[in-house]
Amino acid sequence: MSITSTMKELLPELTRSERKAAEYIISRPIDVVRYSSSDAIAGLCGCSRSAVVRLAKRLGFTGFHEFKIQLAKEMNDYVSDSTTLIVDYYRKALDELKTIEKTAPIYGASELLKKAKHIYTYGYSHSRYSAKQFAFRMVRSGFSAELIDYAVGLKEYSPMISEDDVLVVFSISGGAQLGSPINDLKYFNNPKGPKIILFTMTSHSPAEKYADITICLPCVSRMVPDLIIDDAPIFFIAIELLLEAMAEGH
């Protein structure tokens with residue numbers, strides 16, 4: 001029996017906080033694989049770290065780390081008997097992107113970027129690749145842009161970025177997990193701080209309160225219950241939609 005199936009059977013026996021964690025993990029197993037710690041998952045679930053660890057132990061694991069490894073293995077080994085192909089999930093996400101293409105957030109972000117003295121871009125963990133792609137596409141399009149070094153982080157850059165600049169942030173969770181470095185956006189929350197554009201895949205995320213413009217994208221990995229597939233292509237296509245909007249304004 002799979003881990004998620006076992007969790008479903010255990011639901012009536014769990015405490016309220018454990019059940020909260022289990023229900024989240026059953027609906028979004030990809031997030032357990034995506035984020036590295038029980039603290040991060042606790043933040044996403046809205047429960048305590050101890051509840052996440054207790055859940056893992058109830059399932060027969062020594063702790064969260066062993067639970068995460070086994071869940072990732074199950075998802076990697078899973079072969080769907082459904083007629084739905086992975087390309088169908090991406091197609092569904094692309095259809096949702098069409099509704100974002102000609103919207104106020106895209107055009108608003110376009111205007112901010114065209115007026116920016118300098119563009120900084122940042123992404124945490126896997127989202128860093130999307131941030132790097134954004135910086136590359138901006139430079140290639142003739143704009144002054146650079147990727148913030150993940151090892152240095154946002155906080156250290158806050159004194160260097162001015163109100164004439166734009167900071168573009170990529171984060172699937174939008175800082176929803178505990179300890180996310182994306183929440184260091186608070187250091188830019190002042191009148192002389194830059195304009196902030198947030199690309200995320202989580203609606204009503206904590207980082208939205210720091211952003212001037214939030215562009216919420218479909219999360220393809222959350223559409224697939226039992227497989228691990230990558231969300232980066234969705235970020236990459238959203239970048240191209242934004243560039244298209246910038247070109248339309250010339």
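Me: Angles under 35 degrees count as roughly parallel, and angles over 145 as roughly antiparallel. This model is predicted. Are helices α7 and α12 roughly parallel or roughly antiparallel to each other?

Reply: Start with the axes. Those of α7 (residues 86-101) and α12 (residues 232-248) come within 11 Å and cross at roughly 25°. That angle is under the 35 degree cut-off. Therefore α7 and α12 are roughly parallel.

Me: In which hand does α7 pass α12?

Reply: Two packed helices are described by the angle between their axes and the distance between the axes. For α7 passing α12, the crossing is right-handed.

Me: How many charged residues does the contact of α7 with α12 have?

Reply: From α7 come Y90, A93, L94, L97 and E101; from α12 come P233, I234, I237, L241 and E244. By class, 8 residues of this contact are nonpolar and none is polar. The charged residues number 2.

Me: Which strands stand at the edges of the sheet?

Reply: The open sheet has 5 strands with parallel pairing, in the order β2-β1-β3-β4-β5. An edge strand has a single partner, so one of its sides is left without a neighbour in the sheet. The twist averages 15° from one strand to the next. The edge strands are β2 (145-147) and β5 (213-216).

Me: Which residue in β4 stands opposite V168?

Reply: Strands β3 (residues 166-171) and β4 (residues 195-200) pair over 6 bridges, in the parallel sense. V168 has its opposite residue in β4. That residue is I197.

Me: What angle does the direction of helix α9 make with that of β1?

Reply: Helix α9 (residues 127-140) packs on the sheet. The strands touched by α9 are β1 (119-123), β2 and β3. The direction of α9 makes an angle with that of β1 of about 160°.

Me: How many of the 8 residues of helix α4 are buried?

Reply: Helix α4 (residues 38-45) is mostly covered. Its buried residues are S38, A40, I41, A42, L44 and C45. After α4 comes G46, with a positive phi near 75°. The buried count for α4 is 6.

Me: Is L71 buried or exposed?

Reply: L71 lies in helix α6 (residues 64-77). Beyond its neighbours within four places in sequence, L71 contacts I3, T4, I25, P29 and V32. Its relative accessibility is 2%, so L71 counts as buried.

Note on methods. Residues numbered from 1 in each chain as written. Predicted model: local features only at pLDDT ≥ 70, side-chain atom pairs only at ≥ 80, totals over all residues. Heavy atoms only, no water. Axes fitted to C-alpha atoms, helices over the stretch in contact; angles between N-to-C directions. Helix = DSSP H or I, 4+ residues; strand = E, 2+ residues; numbered from the N terminus. Parallel < 35°, antiparallel > 145°, perpendicular 65-115°, else oblique. Left-handed = near helix turned anticlockwise from the far one by under 90°. Contact = heavy atoms within 4.5 Å. Nonpolar A, V, L, I, M, F, W, Y, C, P; charged D, E, K, R; others polar. Pairing = 2+ DSSP bridges. Buried < 20%, exposed > 50% of the residue type's maximum accessible area, 1.4 Å probe, protein only.
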